[in-house]
Amino acid sequence: MTEKYNMPDARGHFGVYGGIFVAETLMPAIEELNTAYQHYMQDADFIAELDKDLQHYVGRPSPLYYAERWSQALGGAQIYLKREDLNHTGSHKINNTVGQALLAKRMGKTRIIAETGAGQHGVATATVAARLGLECVIYMGAVDVARQSLNVYRMKLLGAKVVAVESGSKTLKDALNEALRDWVTNIDNTFYIIGTVAGPHPYPAMVRDFQAILGREARAQCLAQTGKLPSALVACVGGGSNAMGLFYPFIDDAHVKLIGVEAAGDGVETGRHSAPLCAGRPGVLHGNRTYLMSDDDGEIIETHSISAGLDYPGVGPEHAWLKDSGRASYVNITDDEALGGFYALTRMEGIIPALESSHAMAYTLKLAPTMKKDDILIVNLSGRGDKDMQTMAKREGIEL
Amino acid sequence: MSRLAATFAELAQKNRKALIPFVTAGDPNPQFTVPLMHAMVSAGVDIIELGVPFSDPMADGPVIQRASERALAHHQSLRTTLAIATEFRKTNGHTPIVIMGYLNPVEVMGYEKFADAVHAAGIDGVLTVDLPPEEAQECTELLKTRDVAPIFLLAPNSSAARIAKMDSIGAGYLYYVSLKGVTGAGHLNAAEVETKLAEIRANTKLPIAVGFGVKDAQTAKTIANLGDGVVIGSALISEIEANLHSPAQAKEAIIELLTAMRQAMDN
């Protein structure tokens with residue numbers, strides 16, 4: 001790449017992907033948000049407030065941890081984990097909600113809404129809403145409400161109203177539909193905090209920009225600790241915000257491989273998966289053009305993954321672009337393989353990863369041994385596994 | 001002259017307003033829609049909007065969402081919606097049909113194939129809810145060259161600049177959604193509609209259909225005094241939902257409501 005990477009264009013396009021595909025009723029709100037986002041990202045006072053919160057409230061910078069024992073056991077690349085699991089609320093999600101909530105405050109909005117799948121983004125949103133004293137409504141598919149009851153309770157403790165969405169497949173995509181309906185109805189006082197690098201422009205770029213802090217840190221930490229850049233980056237991809245945050249500051253480093261790991265569920269060949277980049281097709285959903293899981297009639301297909309956070313039929317449009325352009329590659333990991341990654345990190349390094357992040361760990365099990373001993377491999381540990389204790393115990397037949 | 005232009009010209013001549021029912025294709029079952037369309041024409045409607053069922057109808061309220069879900073349970077799709085239009089056209093050559101839906105089924109079919117299929121099915125207009133003018137250039141060109149009108153939505157918060165944009169890229173009519181929010185929500189405010197319509201008319205010569213919040217003969221009459229057409233959707237679909245045990249009764253109730261609206265609008 002000779003020219004510096006500068007996606008998206010002014011209207012939010014990453015090649016043919018991205019854009020603004022929303023009903024006219026939402027268009028003025030999108031324009032208002034875009035204007036505010038463009039303005040405040042250049043505003044020194046806003047950036048200073050954001051940096052302060054990221055340091056003192058989120059706990060940044062998060063460590064880049066050398067997983068020495070695991071590296072030796074696998075016998076290949078030297079593995080470094082970006083410890084987003086150590087952030088306040090336990091995942092990378094808070095980097096973005098802190099940013100968007102500050103933006104909401106500057107825009108004079110008094111009410112926050114969000115969608116959530118596993119509940120991590122819902123908790124991260126309820127957290128910042130509580131801190132800023134903003135009304136907060138979280139939309140969550142009824143199926144997810146049932147399987148993530150711990151996070152539902154956390155959100156309620158934080159003062160959020162959790163709405164169980166009963167339409168469609170009752171999961172993340174339906175929660176997103178319902179949040180969009182709320183937004184269009186309450187546009188004047190409401191800010192919609194989208195949790196991933198999807199949705200209409202400016203969300204994919206804005207969420208990436210708020211998450212890029214973790215990639216910038218990782219790049220600087222890697223140089224400081226090892227004196228060189230990594231050979232490859234690995235991160236799990238549902239909507240793809242943790243991966244985009246890690247990849248973005250490395251896009252112009254052409255020799256650094258970018259690898260996104262999608263959820264293959266029961267296996268891509270079974271059709272029961274959440275891997276649109278590996279096994280989907282381009283289309284339009286939730287405000288942007290991207291790879292989607294849809295049938296021959298263009299209806300969205302229900303997805304499957306052991307991790308609720310990856311259980312989504314779309315993916316951020318910038319990932320679609322990075323895939324088509326060949327800059328990043330995308331692989332997939334089944335539920336069973338992800339569990340292998342979960343146990344490996346837990347037993348080898350004493351770190352219990354979230355099931356989402358376990359997909360990245362599982363791919364590391366495959367990739368690291370194929371790399372040279374002087375290769376550096378950075379893996380994003382996007383969240384901690386506390387929220388998954390019930391799911392894991394149930395799988396092991398243990399009653400808590 | 002296109003069927004849509006001819007319809008509005010004839011209405012203007014008679015000093016009448018267009019009555020435009022919206023129903024979801026294939027709700028509550030695939031056999032229901034074509035006979036209903038013919039019955040609605042007999043009841044005095046001028047244009048028919050057919051909703052294309054979609055798995056994720058983000059801009060619709062619960063009533064139309066459930067209509068989509070009922071139709072999808074019978075595997076209704078964009079293709080079967082076009083088949084319904086084709087069937088209707090066999091015996092009705094004059095009533096304009098507008099299909100209204102979401103972009104993904106169109107993307108998967110491909111724009112050119114879609115434009116050809118829509119034209120072949122005798123469809124007169126296409127309203128794609130999540131395809132704003134900024135992204136619509138390619139699709140609208142393909143439709144216009146086949147004499148199919150791309151129809152765009154206008155909202156209470158659409159600026160004059162946006163209205164002018166819709167005017168330049170749209171055809172057939174503009175569809176003003178008179179409430180913020182999703183389909184089937186709340187009550188409309190006639191004074192607000194009147195003020196906004198004046199602003200819209202200053203920026204376009206296209207006819208303006210008004211929808212969202214039209215529930216009965218009285219609201220239809222109020223809106224008919226302001227716009228060029230009245231769209232009624234959720235209220236009709238509610239009749240289908242209330243009579244799921246008897247689609248025949250649902251049809252009867254819909255015709256009764258439309259007949260009352262027609263009378264109220266013409267007097």
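## Arg219(A) and its partner

Arg219(A) is partly exposed, with a relative accessible area of 24%. Keep in mind as you look around that this is a predicted model. The side chain of Arg219(A) forms a salt bridge with that of Asp253(A), at 2.9 Å from N to O. Arg219(A) belongs to helix 9 (residues 203–226) of chain A, while Asp253(A) sits in the loop between helix 10 (241–247) and strand 10 (257–267), so the pair ties together parts that are 34 residues apart in sequence.

Is Asp253(A) buried or exposed? Asp253(A) has a relative accessible area of 12%, and because the limit for buried is under 20%, it counts as buried.

Side chains of opposite charge can pair when their charged atoms come close. Over all chains, the count comes to 48 salt bridges. In one of them, the side chains of Asp43(A) and Arg106(A) meet at 4.0 Å, N to O. This pair links distant parts of the chain, 63 residues apart: Asp43(A) is in the loop between helix 1 (27–40) and helix 2 (44–58), and Arg106(A) is in helix 4 of chain A. Asp43(A) is buried at 19% relative accessible area, whereas Arg106(A) is partly exposed at 25%.

Another salt bridge joins Asp388(A) and Lys387(A), at 2.8 Å from N to O. Both Asp388(A) and Lys387(A) are buried.

A pair of aromatic rings is described by the distance of the centres and the angle of the planes. How many aromatic pairs are there over all chains? The count comes to ten. Take Tyr66(A) and Tyr80(A): their ring centres are 4.9 Å apart and their planes are at 20°, so the pair is stacked. Tyr66(A) lies in strand 3 (residues 64–66) and Tyr80(A) in strand 4 of chain A, so two parts 14 residues apart in sequence are tied together. Tyr66(A) is partly exposed at 26% relative accessibility, but Tyr80(A) is buried at 8%.

Now compare Trp183(A) and Tyr192(A), whose centres are 5.8 Å apart with planes at 70°, so this pair is edge-to-face. Trp183(A) is buried at 4%, and Tyr192(A) is buried at 0%. Together with Tyr203(A), they form one aromatic cluster. Charged side chains also meet rings: Arg83(A) lies over the face of Tyr65(A), 5.9 Å from the ring centre, and the charged end of Lys323(A) sits over the ring of Tyr291(A), 5.4 Å from its centre.

His92(A) has its place in the loop between strand 4 (78–83) and helix 4 (93–106) of chain A. His92(A) is buried at 6% relative accessible area, and its contacts include Glu84(A), Gln211(A) and Ser382(A). In chain B, Arg70(B) is part of helix 3 (residues 62–73) and is buried at 15%. Among the residues in contact with Arg70(B) are Asp27(B), Glu241(B) and Leu244(B).

For a view of the surface, turn to Ile352(A), Met389(A), Ile398(A) and Leu400(A), which form a nonpolar patch with about 390 Å² of accessible area together. Met389(A) lies in helix 15 (residues 389–395) of chain A and is partly exposed at 33% relative accessibility.

Technical notes: Residues numbered from 1 in each chain as written. Chains lettered and ligands numbered in written order. Predicted model: local features only at pLDDT ≥ 70, side-chain atom pairs only at ≥ 80, totals over all residues. Heavy atoms only, no water. Helix = DSSP H or I, 4+ residues; strand = E, 2+ residues; numbered from the N terminus. Buried < 20%, exposed > 50% of the residue type's maximum accessible area, 1.4 Å probe, protein only. Contact = heavy atoms within 4.5 Å. Patch = residues over 30% accessible without salt bridge, like charges linked within 9 Å, V, L, I, M, F, W, Y side chains within 5 Å. Areas by Shrake-Rupley, 256 points an atom, 1.4 Å probe, with all protein chains shown as cover. Phe/Tyr/Trp six-rings, centres within 6.5 Å; stacked < 30°, edge-to-face > 60°. Lys NZ or Arg CZ within 6 Å of the ring centre and 35° of its normal. Lists of a residue's contacts leave out its neighbours within four places in sequence.
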